[in-house]
Amino acid sequence: RAQLVLLAQGATQQRGNPSSPQSKQLKDVLNDLSRQYGVDILFAERIVDGIQVGSYATTTHQNIEQILNKLLKPHGLSYRKMKNGSLLIRGSRTNPNPPVSFSPQHPGIEIPLASLPGTGVIASPTLASASLSFPVQGRVTASDNGDGLPGVTITIKGTTQGTTTDGSGNFQLTVPGPDAVLVFSFVGYQALEQTVGNQRTFTVQLTPDTKSLNEVVVVGYSTQAKRDVTGSVSTVSAKDLQAVPANNVGQQLQGRVAGVTIGNDGQPGGNVMVRIRGIGSITGGNDPLYIIDGVPTQGGLNQINPNDVETLQVLKDASTASIYGARASNGVVIITTKKGKQGQSKITYDAFYGVQTPTKSPEMLNTQQYADVVWQNYRNIGNVSPTTGNPVDATFGDGAQPRIPDYLLLQGGAMEGDPRVAPANYTNNPKDPQYGISKFMFAQANKTGTDWWNTVMQTAPMQSHNLSVTGGNAQNRYAISGSYYAQDGIVKFTSFKRYSLRANTEFTIKKNIRVGENLQFAYTDQVAGLIRDENSAVLAYQMPPFMPIYDVGGNFAGGRSWVDHPYTRLYRNRDNHGYTSRVFGNVYAEVDLIKDLTLRTSLGVDNSNWNLSNFAPAAPESFLLAQNAQLQVSSNYNLNITWTNTLAYKKRLGDFHNLSAFVGTEAVRNKYRDFSTSKANFAFENPDFQYLNAGSTVLSSSGSGSDTRLFSVFGKVDYAFKERFLLSATLRRDASSRFAPTYRWGTFPAFSAGWRLSEESFLKGVSFIDDLKLRAGWGQTGNQEINPYNQYTTYGSNLNSSSYPINGANTTVVPGFEVAAQGNPTAQWEAQTMTNLGLDVTLFKGKLDVTLDAYNRQSSKLLLEIPSPATDGQNRRPAVNIGGIRNRGFDALVNYHGSAVNNELKFDIGLNWSTYRNVVTDLYGGPESFITGFATRQPSVTRTKVGHPISSFYGFVIDGIFQSQEEADAHPTQGGDRALYNKPGRFKFRDVNGDGAIDDSDQTFIGSPHPKFTYGLNLSAQYKGFDLALFFQGVSGNDLYNYQKWRTDFQNFTGNRSVRILDSWTPENRDAVLPQINSLAAGYESQASTYFIEKGSYLRGKNLQIGYTLPTTLVNKVKVDRLRVYVQGTNFFTSTNYSGLDPEVNLANYGGGADRDIGVDRGVYPLARTFTVGLSLTF
Amino acid sequence: CTDNFYQTPPLGVASESQLLTRDGINSLLIGAYSLLDGVGASSDGWLGRNEGRASAASNWLIGDVASDDAYKGSTQTDLADANAFERNNVLPSNNFVPDKWIALYDGVSRSNDVLRAVAKTTGLDEATATRFRAEARFLRGFYMFELRKIYYRVPIIDETMFDTKVPNDKEAWPFIEADFQFAQENLPATQTDVGRGNSWAAKAFLAKTYLFQNKFAEARPLLEDLIANGVTPNGLKYGLNDCYYDNFQISTKNSKESIFAVQSSVNDGSGSSANANYGEHLNFPLVGPGECCGFFQPTQNLVNAFKTDANGLPLLDTFNQSDLKNDDGLRSTDPFTPDETTPLDPRLDHTVGRRGIPYLNWGLHGGDNWTNPAGDAGPYSPKKRSYRKEERGTLSTTVGWAMGPNANNYTVIRFADILLWAAECEVEVGSLAKAQEYVNLVRNRAKNCVVKELDASGNETNQPAANYQIKPYTVAWTSKEVARKAVRFERRLELAMEGHRFYDLVRWGIADTVLNTYFAAEKTKRPYLNGASFTKGKSEYLPIPLTEIVNSSIGGQNTLIQNPGY
């Protein structure tokens, strides 16, 4: 890992202090060493100022430690290796530095020392001698590890007086009086002020300043000082990420980065969808590329232990991402895991335990209300007995009022005394010859109503334990961790567990050769509920309330809707574990070939194996489930090998020119296989028997595979002139096996430039501006996420769809072939061009950071699988390069670092805000063509069409409810059936095209799932040992399509209804939200319409954490370096007008093509509210 | 990296060149046959929407529920999209409209794949190549025939088109005739596999194609040839089975009466019921075979049609003036005795499951419990696609949730069809006496096997289960009108619940009068039919699926136009 951050590079101006050719300024030598060895060397200028050293031999193969010893010792200086690997130059311990004062023209400048103009150092102290003066002393430590901080500058505010701490962090100083304010400052740490008062001894903790401009970011095959970055890169600290208790770093990323939208799936082990700067592809996939320790992966974050993450960077624009070329059009997330560092070995234990509770529950009808609605419907549709005028119903009798039955047979009810429900006539065996004749399956009706929601929901625990050991010396560095994460779902019988082990090591085996590895093994165990429509959570409010859980025989009661009820479904799924084991990591070697030139080679591996055993016991109470136990075992194997070679060169040319460049090659190979086998007829149903061997009949067996390759060459040049002008150029060429030879290669260039205005003379005098940089970038990236064999026409054999018993046999079938895929040998890369304009400002002595970015992201040549007309038959059209989509947006990030109460209270406020406007610019077949989302029980409710954003809602407009027959008569014919739909109490559909008839051509765009803007607000504060973190996140201005209303608000299927249906139209209740209850009209009236559109804005209190770090003095007694405990609430507050379970339905993880279906609430696994306690222990 | 690095051919599938052999083409042909059942076509949608309910080979929904023979069944809230078919008011956006279209065009496409493969294959002997071509064109003719019959304005897709976005502005009948003509000229009379089309089946379809255009003169000689000389693919001389019920039994499938049938297999290693009559999976009583789901219930009107007069002849004009006694509104526990006196055509109880009459050998139909106690579509169950008790689990499915699918064939054309078509031709362009002769052949056969009563222990007795009376017409028909009415009525009785009724009404041009008369009476028994009506000039055909019109767009212009009235 080559570092090129030059904290020591402040001395760019010659100070007119010529030195002999044989001698150099120590400062310059240190700068050279820093560059040469890739090591940060930190020093206060005044310590080294004026010290001349003889030339040192660069040809001798000494390590930097030896050189420094040689250089520094004669001058009474020494160095110390810091935890982050940098070297701090300090005065000799035996020769404490005298107090110093600063020149008056720079009063109170606190950071960074090294950037002070060299003339600002005055060697001879001028102590103030006021009569009230008295000495104080103290120690300065680092808050992150408790170590004493040497070299910290302490000044008395408003004066030029001050001192620095010694090697242990101790200091002493004479102050003019109790009103004096001490300012503690140190490079890389946040400055701190403290009033002296009556205190004579001070213990001061400085907090690392992660937001500092000196931050290093990983930008793809290399690192760069953040201040020199010319593209759009966002960084999230591990601390912020890990503040959210989640199994997945993607979930932790939500709301943290401007321009990054995250969709959560609330189930344990649920995945996430990450979208960076809008949506750039329609069918080609929109997941970003993840680079973990240099190894690419397209997902599967569940197997990555979030505690191992050290840094996370998001490359948002093309000028930074294009170094990843063909796979970078959706942005790149770069994750670096924790590495060992030279220094003391450290053991860290982090743990939390949390309790998750469901938040919102749907309001549904009770048994009586349900029966009344059934009766109301019968009367409204005229389904009444001609003799009595009353409805007749198998369950609810034939009276004027519905009769709640005492018992439920599988179909219909019965009263006490009915011979069918005599206990002796009960059977649970549908194969009983007398079944349905004299033997019946029956249950006692729940007359008050079963609360199905609360039956399947629970308060569930989650916990995480993480133990890590880090340490190392100059030759060997290691970081080893093990973790356990376990989460039960708030939906019963769902759970996720992860066990992971990581070993990251690096060895300096020769002065110029380093080898190392980063390797993680993870094992996860998931019991998942179903997702999508008709999952168990949704069934919970679709089940009629009169159904009990168990029947009179103690077996599961049968479903009135002919399905199993939700509790049964979950219970029967409880032992269906899906196991994944995954090895992820790389081994690498780095060789410094000559000065400034480093060769690196890395071999990455990502190998995962998944196995799911899905046992479905016989379900005698349900018609819709198998009557024989069945077992399906599915497995897949995925191997990804990445071999990367880079040659990197860094050179500082003179004092003005800074050049770094690298070239590289990368080869990626992916192999995939899967199979699935199912068998039936299991003699027993206990888990020990749930193996394929135990079944007697093979039902089916299938399997497939793929093999894809990618090869790339790439290079990048960064050039800086006097820190003022920054230029960067990237070129990558990729070749992919997914494309035919002619179109195999894609070229992806990028350029960017930065102009540091704060270095210009016209801004130099503006004291409140610390740093001001304008950035501009342009680049192209690609996308190849199509069927790997898109170029080939293939034929497949399938026992279901292409085989036929042509010989007339009853129980065998003759296999045949069908076209499996039609190939497109002319497909090529999706292309994307992005322009980015950015501004980075640091103001008020580092207190305020602002980053603004505006971008235009144009995708073209989109690989679309054009909807085939059915006349194509099975010759489904392959993906072709037609289509474009544009995202324009704006990201803003504002951070304020403040302090109060004599610096004892420190706080940070961070606000990120982003907006994008998405529009489809080109589709096949011209402006009228469109692509739909997925059909549910309704046909697709979204359309992706030119001139509209992707996944816009499409349907009818409802203009209220007809109040009179006259009004209905005056309206155009609805649905071709005036007798049914042009009636008082019916929905009034708008004649959008004005043709005098309401038909399908009256559908129109009725909403957009894209928010006007999204935002995140981070507040954190520290006071003495206490710390507080508060995090809000929200979206505003989006619509949601509440598909759940199709089931709960209309007479579709026989499940329960929402209490909204009580506000249906009647002649007495004209101001109703729903039309008159009528099952005949329900199908028509529940077509996609504005009735389902709701506002989706929400503000969510995502995280509130209060921590306390025990005093070092206390914990040191038990040999503990640091102990922090905390309590925390997650999703503790939600403000929304959305009536569904959770407004976070956007981007829920439905798999491929979900971007054409965003904002449709198919029934989410709701997010839990979580209360957590945790601790972090270092020793 | 060399080019070899990128050469990664698809795994587990074949390339076209691998299939350009005799065996390869045969397997493509099997693939083309496999869509005859309407299940297994490529379809969009993550719910796996096309489960064959609306695309079943038997056309139960679009051909019988849409007619006066059957209700959709179950409850109005169950599969509500299907209600519109019963009301003859189907919107182009209805979820079920595309299903049949997709299945049939997939069949056309697979047939064309065979033709393309034959053209590309070298070294195939001419006889084999011709047979392949003829079988492919036979199948394409079948799929196109169904399309024309159901959707009217249908684009014609042949093997030369890769881009199938072509307009639907041409009459498809000549194309269909040409395919069947080629097939009848080039197919062998017998085949190694009983499921394949032979020259006689092609001739029968050609005759059917003529009939649908009222080309009686062209159809008549073909039908006479079929009656005189036709043989099944396995060499059986065409004829009526002695027993009417043998047309609906697994053990007697592919009989001499089976001109062309969709073959079914079950428990065949496919892991599903896709090769069984899966499109029918909802159409079984809740007790006995299937256990699901009470769809496709015969109408009261149909049941009434089976009443006969004292001479054993149908009540052509008065059949619906009174209802045959039934258990509508009764619980299974309420006592009920079926009608024992009204003279009935014995085919009633081979067609309709009704309370108190044996349901095959599953015991007496139990009424309410068997249909759907929550249902609102009357007391009857369908019967012709069922299976016998001893076949359960061997010849009926053991897989999935719907337990009804079984190895029973759907016979697309059976010999009785041919006879009755011939009768129609005679009425229109021939001799009324000859027509009556054909009709009487069918009626005489119907006498042979009747449903028998069960004794106390559930065993079959020799006693008929009802007062069955059926006799041939003995009085000569006096006019074309009388003869036409009798022939058409016979077709209804003989082929009830076999998916033909709606299309017969349409081709006879009487769908509006028959169905609107039917609705007027039936809505008093089935209140949910209130407001239902057949619109002449519109309801004869389903609309072109909305998604297809939308997908047909080229440069913003829809290639397909909608059917009249929609």
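Contact here means heavy atoms within 4.5 Å. The model shown in these views is predicted.

**View 1. Surroundings of Trp508(B) in chain B.** Apart from neighbours within four places in sequence, Trp508(B) is in contact with Glu424(B), Arg488(B), Arg491(B) and Arg501(B). Trp508(B) belongs to helix 15 of chain B, which covers residues 501-508. Its relative accessibility is 9%, so Trp508(B) counts as buried, the cut-off being under 20%. The C-alpha atoms of Trp508(B) and Asn214(B) are 8.5 Å apart in space, although 294 residues separate the two in sequence.

**View 2. The interface of chain B and chain A.** Contacts link 104 residues of chain B with 102 residues of chain A. Together the two chains bury about 8,600 Å², of which 57% is on carbon and sulfur atoms. Across this interface, 21 residue pairs are in polar contact, both residues being at pLDDT 80 or more. Among the elements that each supply at least two residues to the side of chain B touching chain A are helix 1 (22-33), strand 3 (258-262) and helix 17 (546-551). Helix 4 of chain B gives the most, with eight residues. By class, this side of chain B comprises 46 nonpolar, 38 polar and 20 charged residues.

**View 3. A salt bridge between Arg110(B) and Glu818(A).** The closest N and O atoms of Arg110(B) and Glu818(A) are 2.7 Å apart. Two salt bridges are found across the interface of chain B and chain A.

**View 4. Strand pairing between the chains.** Thr794(A) has Ser15(B) as its bridge partner in strand 1 of chain B.

Terms used. Residues are numbered from 1 along each chain as its sequence is written. Chains are lettered from A and ligands numbered from 1 in the order in which they are written. This is a predicted model: local features need pLDDT of at least 70, side-chain atom pairs count only at pLDDT 80 or more; totals for chains, interfaces and linings use all residues. Side-chain values use heavy atoms; hydrogens and water are left out. Helices (H or I, at least four residues) and strands (E, at least two) are DSSP runs, numbered from the N terminus. Buried means under 20% relative accessible area, exposed over 50%, partly exposed in between (1.4 Å probe, protein chains only). Buried area is the accessible area (1.4 Å probe) that two parts lose on being put together, summed over both. A salt bridge is a side-chain nitrogen of Lys or Arg within 4 Å of a carboxyl oxygen of Asp or Glu. A polar contact is a pair of N or O atoms within 3.5 Å; within protein, one must be able to donate a hydrogen and the other to accept it, and residues adjacent in sequence count only if both atoms are side-chain atoms. Ala, Val, Leu, Ile, Met, Phe, Trp, Tyr, Cys and Pro count as nonpolar, Asp, Glu, Lys and Arg as charged, and the others, Gly among them, as polar. Two strands pair if DSSP finds at least two bridges between them.
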